[in-house]
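Here is a short briefing on one protein chain. Look at the sequence and the 3D view, then read on topic by topic.

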Amino acid sequence: MDFYRDFFTREQLLVSLEQAQFIPGMMAPLFETLSNVTSTNVDIEILGKDAVTPADSKPRGAAADQLTLDKDGVEPFKTKFYSKEIPILADSVLNARQRGGLNPEVIMGRRDRAVRKLRNWVDIQHEFLRISAVNTPSNVFGNAPAEVVVGFGAADTVAVKAAIFSNIIEPIETALDGLTYTGIDAYCSKDYWLGLIQSKTMRETYLYTANDANLRGIELNSFTYDNVTWHRYRPQGTLKITDGKAKVIPRGVSGLLVQAFAPDDTLSSVGMGESGQPYYMHAWPIERDKGWTIEAKTHPVMVCTRPAAVQTLKLS
């Protein structure tokens, strides 16, 4: 397999990785990626709330009252390690090449397929960790609030809107303690989504929005009701919102959900002092010239820095 050594260099693997399709997860846009991570330990900062209150008037020229900045908090989190590999064996190339030729296209095709599959696995692994951080946000920064019920089956829409305000909007704003946000998203499990769109309150809004979506030839997986955008989280095996639940997250809050990636555990990465990346690909010859092995590795950590701001709804 020395004929193919040049096809498995780090540079060639990076080219193949860049060509592989990225599989986005619904949670990916919610997470802010921390930069300049050069260790397996990540210090995540939670900024002080710096809340202020109105002051009383004072005589003109009087000394100003002092304000102090709240103490910032820093908590260490350790990244985790995940890896998978795919062997490309000589026999997988033997019967695919043309008679009497080496056919580099065959081995390059095998390499690119392996890299695509490995990148897809890394994308799924990252999404699994993100959804885990949303499903169970409690950590050293605090605890998630207790589950609540919003009775969407009630015929009184005024009562439903009051319940949304008191059980969703107000607790989130209290947890943010003055931090601004741009909206509220609710990610629903399969059972919660079905119960939601079939409820008395939501049915009319959903059907109206769905009809409009059908006219535009798109599938409706989200709609807005009373300042909350409700999303159907599309499950993929174990990648799912907890059954019968919906997770409610304020949108546009800087640093609410963060992710970080440590450098690879190789001398080339450690020696160069490089910052961590989401993907690492390596290849090495299989013993006795039987082929090549391609390995994908990732060293991530996903954290919710304000667990009290992530609400959990359950079916009534």
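Which residues do ring pairs link into a cluster? They are Trp193, Tyr206 and Phe223. Keep in mind that this is a predicted model. The chain has 316 residues, and 42% of them are buried. Its secondary structure comes to seven helices and 14 strands. Take the contacts with a separation of 6 or more: 79% of them join residues 24 or more positions apart.

**The six-stranded sheet**

- Six strands form an open sheet with mixed pairing. Their order is β5-β14-β9-β6-β8-β7.
- The edges are β5 (148–149) and β7 (222–225). Each has a single partner strand, so one side of each is left without a neighbour in the sheet.
- Helix α4 (residues 157–176) packs on this sheet. α4 touches β5, β6, β7, β8, β9 (245–251) and β14 (311–314). Its direction makes about 155 degrees with that of β14.
- Strands β6 (residues 183–188) and β8 (residues 228–232) are parallel partners, joined over five bridges. Cys188 stands opposite Arg232 in β8.
- Strands of a sheet pair through backbone hydrogen bonds, either parallel or antiparallel.
- Helix α5 (residues 190–197) lies across β6, β7, β8, β9 and β14. α5 runs at about 125 degrees to β8.

- β7 and β8 run antiparallel and are joined by four bridges.
- The bridge partner of Tyr225 in β8 is Val228.
- Which residues of β7 are on the covered face, and which on the uncovered one? Phe223 and Tyr225 are on the covered face. Ser222 and Thr224 are on the uncovered face.
- In a regular strand the side chains alternate between the two faces of the sheet.

**A closer look at helix α4**

- α4 has 20 residues. From its first C-alpha to its last it reaches 27 Å, close to the 28 Å expected at 1.5 Å a residue.
- Where does α4 bend? The bend is at Phe165 and comes to about 35 degrees.
- The buried residues of α4 are Val160, Ala163, Ile164, Ile168, Ile169, Ile172, Ala175 and Leu176.
- An α-helix has 3.6 residues a turn, so residues three or four places apart point the same way.
- Asp177 follows α4. The phi of Asp177 is positive, near 50 degrees.

**Aromatic pairs**

- How many aromatic pairs does the structure hold? There are five aromatic pairs.
- One of them is formed by Phe152 and Trp230. This pair is edge-to-face, with 90 degrees between the planes. The distance is 5.3 Å centre to centre.
- What does this pair tie together? Phe152 lies in the loop between β5 and α4, and Trp230 lies in strand β8, so the pair ties together parts that are 78 residues apart in sequence.
- Is Phe152 buried or exposed? Phe152 counts as buried, because its relative accessibility is 5% and the cut-off for buried is under 20%.
- Trp230 also counts as buried, because its relative accessibility is 0%.

**The three-stranded sheet**

- Another open sheet has three strands, in the order β4-β12-β11. The pairing is antiparallel.
- β4 (82–89) and β11 (280–286) stand at the edges. Each has a single partner strand, so one side of each is left without a neighbour in the sheet.
- On average, neighbouring strands here are turned by 20 degrees against each other, direction ignored.
- β11 and strand β12 (residues 291–298) pair in the antiparallel sense over seven bridges. Met281 stands opposite Ala296 in β12.
- Helix α3 (residues 104–135) packs on this sheet. α3 touches β4, β11 and β12. The direction of α3 makes about 165 degrees with that of β4.

- Thr33 is in strand β1 (residues 32–33).
- Thr33 counts as partly exposed, because its relative accessibility is 44%.
- Which residues does Thr33 touch, not counting those up to four places away in sequence? Thr33 touches Gln259 and Phe261.
- Thr33 and Phe261 are 228 residues apart in sequence. In space they are 8.3 Å apart, C-alpha to C-alpha.

Technical notes
Residues numbered from 1 in each chain as written. Predicted model: local features only at pLDDT ≥ 70, side-chain atom pairs only at ≥ 80, totals over all residues. Heavy atoms only, no water. Pairing = 2+ DSSP bridges. Helix = DSSP H or I, 4+ residues; strand = E, 2+ residues; numbered from the N terminus. Contact = heavy atoms within 4.5 Å. Axes fitted to C-alpha atoms, helices over the stretch in contact; angles between N-to-C directions. Expected span 1.5 Å × (residues − 1). Bend = angle between axes of the 7 residues up to and from the residue. Buried < 20%, exposed > 50% of the residue type's maximum accessible area, 1.4 Å probe, protein only. Phe/Tyr/Trp six-rings, centres within 6.5 Å; stacked < 30°, edge-to-face > 60°.
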